[in-house]
Number of protein chains: 2
Amino acid sequence: MKKIVLRDDEMPRQWYNVVPDIPNGLRPPLDPVSHKPISPDKLGAIFPQGLIEQEMSQERFIPIPEEVLEIYSIWRPSPLVRANKLEQALGTKAKIYFKNESVSPIGSHKGNSAVPQAFFNKREGIKRLTTETGAGQWGAALSFATSKFDMACKVYMVRVSYDQKPYRKFMMQTYGGEVVASPSADTKIGREILARTPDTPGALGMAISEALEDAFAHADTNYSLGSVLNHVVLHQSIVGLEAKKQMEIAGDYPDVIIGCCGGGSNFAGLIVPYVPDYLEGKKIRFVGCEPASCPSLTSGKLAYDTGDVAMMTPLLCMYTLGHDFVPPGMHAGGLRYHGMAPIVSALAREGIVTPMALHQLECFEAGVLFARTEGIIPAPESTHAIRGAIIEAMKDPKEPKTILFNLSGTGVIDLPSYDQYLQGNLQDYSYPQQDIDESLAKLPNIP
Amino acid sequence: MKKIVLRDDEMPRQWYNVVPDIPNGLRPPLDPVSHKPISPDKLGAIFPQGLIEQEMSQERFIPIPEEVLEIYSIWRPSPLVRANKLEQALGTKAKIYFKNESVSPIGSHKGNSAVPQAFFNKREGIKRLTTETGAGQWGAALSFATSKFDMACKVYMVRVSYDQKPYRKFMMQTYGGEVVASPSADTKIGREILARTPDTPGALGMAISEALEDAFAHADTNYSLGSVLNHVVLHQSIVGLEAKKQMEIAGDYPDVIIGCCGGGSNFAGLIVPYVPDYLEGKKIRFVGCEPASCPSLTSGKLAYDTGDVAMMTPLLCMYTLGHDFVPPGMHAGGLRYHGMAPIVSALAREGIVTPMALHQLECFEAGVLFARTEGIIPAPESTHAIRGAIIEAMKDPKEPKTILFNLSGTGVIDLPSYDQYLQGNLQDYSYPQQDIDESLAKLPNIP
């Protein structure tokens, strides 16, 4: 069979939390001022209790609320697909499967965490969420999720994306979200930045600071983050839990599992349910594909760093390029992040996750091949996973290896970037290690 | 359950041909010059034998080739969904189901016919297909389908859409299709039009003429049409065949079935498998929702007319507004067609299909409500079916009626039109019957 589908009643009813299974564990998040482990109370100013508990939890299985399952069922369980047309085009003996997260109405895996984040906030009386967004995938997901719980949503969207990528802005507005270009006149910090640099294109770090200020300033408002944090990885585990069931139905077991890595959530979501098998001695490799232009796992340092430029977030122990590292503009905007989820970072530290840095031209080439064989135009982010899968399949084309990757999103809204690629207007970027070392030298000195 | 999914091996393996079941039958297509029934031989210049046989067939069930089933399985069987969040928002006792054709990688039902059209051409040695496209849905579907069979595809895209709707052009190119703005310098008729009117925005009628000239001029090339014809309706019957199975699993039977109507193919595809039940006495209504600005079923005339402005196509017996009727620019571009599929027209003639003409503002309003309740942003075309379903549900909100409609496509590529709607920049259009009568007075006089 080309495609393995599960019925609604076969959807997993618990998320899987990998934290208690990570050898040598996770290091705690630290207060950005005192450098002491941050107290759950302090997080309570911007996050609901339900999510803070998940963030800190040592439980392996956490039930998915009925209300979340019902909204998940708009697009979940998502299909597992055998990429046999791609295999034929490659002439490989490897079997390639992909988990198709592109089928969600917002076009990516981001809804898997947006829905429970909206739910747990709603349950604790929160009426409004703020967030930042770059290219707009996460802002669209949160606008979608809040519309389902009759909550308001305000998205601070990096100005350059706001101006250049209007489709995702329109999507957020259609779902009822309020979108402003960041920096905006709506916050103190936004006004300060605008006064200093009225023509700034904006940056994710500025948008995070605005969304945080807004959430701190309103009692009925919380803040929401779409990647990196433990509770986001927990929610994304639904991807891997379904895939594992579907691979069993297919009668196959993956030798290698691949995902693209920006903040790490779609990759982690697919691999974590397989980590216990690995720890029990199963031979399985986990390959995280990141852009060569923003290679936190490949060229960064495992250290405490903040999530934003303004250093307002807790310090997280993660592979990082330094919070003021500025990657070049590139079409896989969702992979342009300086740090990697603490969970993925710890798995890389233990040698369980292997990174692979890829250039954008080879990824777009893989994306076009995938579109013309498997029929789906992948998000520029997801083309990194496809290129990784092709590299693994072609290492020894005669070896009957089984590969599973995450097709994290559709590229339909990113079609202008395919046009740029097909017209030969794109180029590759990478950073000399020296530039990265300079950025890393500015990190807070925490042993 | 929110959603009824079928597994790949539960997909119907035969299409259903309603033609032999239509009371009083269909009238034959006529040669545009002699006004005599057209011979299959003449159609052979631009269509493959396999499709001509389907066009003329009196068989009720026609097997779907394995190669077509395999490509269908990229997105088929498509889900049947209970719109319970929409029902709640309306406060209706009616049960509303929709067949979700928006999940295909090209975003609409058009692939259901593009794939078999490419297959039957390929089987007869054809290496290249030409077609016209307005907004680009059909051109994208055919580019997708030809890429699966290693065929070339040339799409003549109406210039105004080519310039204003670049995303679908990019989609066709990513699938490997060649796209030119029509009128183009690539055909004799295109050059003639450009010489006369260099600044013309183009029209579907011109693009059809160019695609036909191209197909006539090349021995390895055939022409392909995305709606109206009997074989297109046949291919779209997969939608209704799946839906009927899924409604049985849901334990429900529709009292009313609704679709949007441009050329008629998505509506016909959903309803035809239910027509035999109707003929056996089952109480069921079939409602075709068309735009008030292009109301062929509501305000047109059942007559022989051509499919294009240049009068190159066979004459078809259909409800028409006249082949030179020019509807206003509107966002549901897929519904801007002067005629209606002969099959739908014959069912309307027999009183089996009831038309409903709707204005675009009420349709966009329904589309936004649907996005915020059911989570999916519908194509502007599909919002007509949603508005129709809401009108049916609200006739008597306490009546426990069962409604089924076709969500023919996603609106993700049409998001700028939602932006226009939300900003209050759209308006309604309709034609006085007098203007329509003037256009109809120019039809060929065939009894």
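**Entry 1: two helices of chain A**

I began with α16(A) and helix α17 (residues 382-395) of chain A, which pack with their axes 8 Å apart and at an angle of about 85 degrees. Since angles of 65 to 115 degrees count as roughly perpendicular, I noted that α16(A) is therefore roughly perpendicular to α17(A). I keep in mind throughout that this is a predicted model.

I then looked up which residues make this contact: α16(A) brings A:Glu362, A:Cys363, A:Phe364, A:Glu365, A:Ala366, A:Gly367, A:Leu369 and A:Phe370, while α17(A) brings A:Thr383, A:His384, A:Ile386, A:Arg387 and A:Ile390. Sorted by class, the residues in the contact of α16(A) with α17(A) are seven nonpolar, three polar and three charged.

**Entry 2: two helices of chain B**

For chain B I looked up α6(B) and helix α8 (residues 166-174), whose axes are 8 Å apart and whose packing angle is about 10 degrees. Angles under 35 degrees count as roughly parallel, so I recorded α6(B) and α8(B) as roughly parallel to each other.

On the α6(B) side I found B:Gln137, B:Gly139, B:Ala140 and B:Ser143, and these meet B:Arg168, B:Met171 and B:Met172 of α8(B). By class, I wrote down three nonpolar residues, three polar ones and one charged for the contact of α6(B) with α8(B).

**Entry 3: the interface of chains A and B**

I turned next to where the chains meet, and found 43 residues of chain A in contact with 43 residues of chain B. The area buried between chain A and chain B comes to about 4,100 Å², with carbon and sulfur atoms giving 59% of it. On the chain A side, the residues that lose the most area to chain B are A:Arg7, A:Tyr167 and A:Thr174, which together make up 17% of what that side buries.

For polar pairing I noted 22 residue pairs in polar contact between chain A and chain B, counting pairs with both residues at pLDDT 80 or more. The elements that give two or more residues to the side of chain A that touches chain B are α4 (84-90), α6 (137-148), α8 (166-174), α16 (360-374) and α18 (415-422) of chain A. I also sorted the residues of that side of chain A by class, which gave 22 nonpolar, eight polar and 13 charged.

**Entry 4: salt bridges**

Side chains of opposite charge can pair when their charged atoms come close. I counted 47 salt bridges over all chains of the structure, and four across the interface of chain A and chain B. In one salt bridge, the side chain of B:Arg7 meets that of A:Glu10 at 3.2 Å, N to O.

**Entry 5: backbone details**

Finally I checked the backbone, and found a cis peptide bond joining A:Arg76 and A:Pro77, with omega about -10 degrees. A:Pro77 belongs to the loop between α3 (66-72) and β4 (80-82) of chain A. A cis peptide bond also joins A:Ser182 and A:Pro183, with omega about 5 degrees, and A:Pro183 lies in the loop between β8 (178-182) and α9 (188-196) of chain A.

How values were computed. Residues numbered from 1 in each chain as written. Chains lettered and ligands numbered in written order. Predicted model: local features only at pLDDT ≥ 70, side-chain atom pairs only at ≥ 80, totals over all residues. Heavy atoms only, no water. Contact = heavy atoms within 4.5 Å. Buried area = accessible area lost by both parts, 1.4 Å probe. Polar contact = N/O pair within 3.5 Å; in protein donor to acceptor, adjacent residues only side chain to side chain. Helix = DSSP H or I, 4+ residues; strand = E, 2+ residues; numbered from the N terminus. Nonpolar A, V, L, I, M, F, W, Y, C, P; charged D, E, K, R; others polar. Axes fitted to C-alpha atoms, helices over the stretch in contact; angles between N-to-C directions. Parallel < 35°, antiparallel > 145°, perpendicular 65-115°, else oblique.
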